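Take each task first, then follow the solution step by step.

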Amino acid sequence: MSPLRDWPIKRKLTAMLLLISGLVLLLTSAAFVTYEVVTNRQTIRIHLATRSRILAANSTAALAFANEADATELLDALKYDPHMVAAALYTQDGRVLATYPVAATANLIPAAPQADGYRFEGGRLVGFTPVAQGGNQRLGTLYIASDTKDVSDALRLSGIIAVVVLAIAMLAAYTLAAALQGWISQPILALADTARAISTKHDYSVRAPKRGEDELGMLTDAFNQMLGRIEEQDRELRRYATDLEQRVEKRTHELQDRNETLRRNAAELLAANQELDAFAYSVSHDLRAPLRSIDGFSQVLLEDYAGQLDEAGQDSLRRVRAASQRMATLIDDLLKLARVTRAEIRTEMVDLSGMARDIAAELQKTDSARQVKVVIAPGLTARADLPLLRVALENLLRNSWKYTAKQPQPRIEFGSVEANGGRAFMVKDNGAGFDMKYVDKLFGVFQRLHSAAEFEGTGVGLATVRRIITRHGGQIWAEGAVDQGATFYFTL
Amino acid sequence: MNPGKILLVEDNPDDVALTLRALKSHNMTNDVVVAQDGVQALDYLFGTGGGPGPDGLPAVVLLDLKLPKVNGLEVLRRIRSDDRTKLLPVVILTSSDEERDVIDGYSLGANSYVRKPVDFVEFTQAAKQLGLYWLLMNRAPPTPRK
């Protein structure tokens, strides 16, 4: 059986009512039985006392003369009362004069008289009554023992009555309790049912039925009011949720639109890149071929018809050749720039110091006549796309190499500095430098700050470098002054 | 010693003239056969267009990439996929040095890749070296049997 506190409220109420009525009935019955017993004992005590005194009064003569036969006869009259168990007459000196019944056993008759009075002893009522003459001369003592059958009969009867009443009363109490507990339990059960329905179905529109204006009614009212508020809040919550859903949907749509735009842009970019690709490919193949013809046939003229051309004519042809070769270089540089734009960036750890050393060695090899002091800081590394970064660094170092050509003590330095809270790499030379006025033209395509006669070049190199650095998410900037050298900084 | 012929696959007549001139200055003109597009080149090699056919394979093919009808890479692919010509030395001689072309050329089995210089002096030098190398120094693969 489940613990008491887990009992359903109906059973608890019924049990409570039964317990209370049972206890009350039990106490009442006990009182009733006790009263019966006490009353009966008193009755038989008075009865015995009365009988004793009458018998004592009649016994004076028999005692005074110690007449045993009279005494025996007197006592024998007791046989008419079936409750009398035993009796005896003691003389003044305590000797037994007569007994009832005549052949009473020793255990029925005390050997000597005891203190006067009436008392219950060993399931019997015994009494010692003084036998006196004239009021003060004591002649002896009368002893009478009576059974207590009346008392036990009364006890049994009242017990049976109590049990029967108890049984009937409990049955009635159970029936009534079972019927009446509903008054209290029904509203509570209704509340419980409502609560259960709400918690399972989440339907806040249901209400608990109210059955009266008592505390349970108030509880039901409070519960229903609470439900009302919850229902309202629930509705509001749902409204917010719907609102939120709509907003999310709207945002999603917006995002989808934006995504679509991005996708379109990406597609356009891809198409543009592909066009650039095709363009570069075409340039690479088709633009050089006519240059080769121009250069080639100019050379043919110079070789085969030198005799028919004066010096000015030959000079013109040489200029034509030089121009076509320059154009070829220009095309190559532009193609490199295009390649840098298209190339996929794949970063790895790059040893910049080592790379700078390699490039410097190559420059020295192709221009072995020059004496340039190249200072390279050791241990510089960065995450970058190796081939692209090599193109950038080579362009910068080649620039420095080129622009220090007229410097008697050329010096080129590669290192790193702290700049804008980060590390910037630096290529510094003491060459021709530039005017800071034109610094923003430095990185433009085909922008040159020097004439081709001064320093040859196409004006694509630094544009390529900037493109590479930008594609790495870095920045590039320069400082310089005319004839004071130039310093290029870049971050990665 | 018969050094064999050079098959020059080139659509640009200027380039043809300049190449021939460069080779001529080293007395190799008689050994040059010119095909002006991919189809002519394949016809020559496989004997379907009145050429000498596989019996008279050239010592080397100088192959331009941008060609009308069938482009250079396709010509190379056909040469390599035919048992008769799969060992034939092929040198790509073209204007472009696009990485893509270089990779594709070598992937299809080109033996060499040379970019035509714009400077005619350099170009002459390159043509001369190519002729000398492939006609004289290089040991040609054996002629395949029919």
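**Exercise 1.** Is Glu260(A) buried or partly exposed, going by its relative accessibility?

*Solution.* Start with the cut-offs: buried means under 20% relative accessible area, exposed means over 50%, and partly exposed lies in between (1.4 Å probe, protein chains only). Glu260(A) has 31% relative accessibility, so it counts as partly exposed. Next, look for its partner: the side chains of Glu260(A) and Arg263(A) form a salt bridge, with 2.8 Å from N to O. A salt bridge here is a side-chain nitrogen of Lys or Arg within 4 Å of a carboxyl oxygen of Asp or Glu. Helices (H or I, at least four residues) and strands (E, at least two) are DSSP runs, numbered from the N terminus.

Before going on, a word on the basis: this is a predicted model, in which local features need pLDDT of at least 70 and side-chain atom pairs count only at pLDDT 80 or more, while totals for chains, interfaces and linings use all residues. Residues are numbered from 1 along each chain as its sequence is written, chains are lettered from A and ligands numbered from 1 in the order in which they are written, and side-chain values use heavy atoms, with hydrogens and water left out.

**Exercise 2.** Which residue of chain B forms a salt bridge with Arg321(A)?

*Solution.* The partner is Asp119(B), and the closest N and O atoms are 2.6 Å apart. This pair crosses between chains: Arg321(A) sits in helix H5 (residues 311-342) of chain A, and Asp119(B) in the loop between strand E5 (112-115) and helix H5 (120-137) of chain B. Now check the cover: Arg321(A) has a relative accessible area of 12% and is therefore buried. Asp119(B) counts as buried as well, at 14%.

**Exercise 3.** What are the accessibility classes of Arg84(B) and Asp82(B)?

*Solution.* The side chains of these two residues, Arg84(B) and Asp82(B), meet in a salt bridge of 2.9 Å, N to O. Arg84(B), at 35%, is partly exposed, whereas Asp82(B), at 18%, is buried. Elsewhere, salt bridges that share partners link Arg288(A), Asp332(A), Arg339(A), Asp97(B), Glu98(B) and Arg115(B) into one network. Over all chains, the count comes to 42 salt bridges.

**Exercise 4.** What is the strand order of the open sheet of 5 strands in chain A?

*Solution.* The order is E7-E9-E10-E12-E11, with mixed pairing; two strands pair if DSSP finds at least two bridges between them. Strands E7 (373-376) and E11 (476-481) of chain A stand at the edges with a single partner strand each, so one side of each has no neighbour in the sheet. Neighbouring strands are turned by 20 degrees against each other on average, direction ignored. For a closer look at one pairing, take E7(A) and strand E9 (residues 411-419) of chain A, which run parallel and are joined by 4 bridges. Val375(A) has Glu413(A) as its bridge partner in E9(A).

**Exercise 5.** How many residues lie between the strands in the hairpin of E3(A) and E4(A)?

*Solution.* There are 2, and Gly122(A) takes a positive phi near 55 degrees in this hairpin. Its strands, E3 (residues 117-121) and E4 (residues 124-133) of chain A, run antiparallel and are joined by 5 bridges. One of the pairings is Arg119(A) with Val126(A) in E4(A).

**Exercise 6.** Is Asn40(A) buried or exposed?

*Solution.* First find Asn40(A) in helix H1 (residues 9-64) of chain A. With 18% relative accessibility, Asn40(A) counts as buried. Then list its contacts (heavy atoms within 4.5 Å): leaving aside neighbours within four places in sequence, Asn40(A) touches Asp150(A), Val151(A) and Ala154(A).

**Exercise 7.** What pattern does chain B follow along the sequence?

*Solution.* Count the elements: chain B has 5 helices and 5 strands. Read in order, they give β-α-β-α-β-α-β-α-β-α. Of the 146 residues of chain B, 49% count as buried. Now turn to chain A, which has 8 helices and 12 strands. In chain A, buried residues make up 37% of the 492 residues.

Key: Axes are lines fitted to C-alpha atoms, for helices over the stretch in contact, and angles run from 0 to 180 degrees between N-to-C directions.
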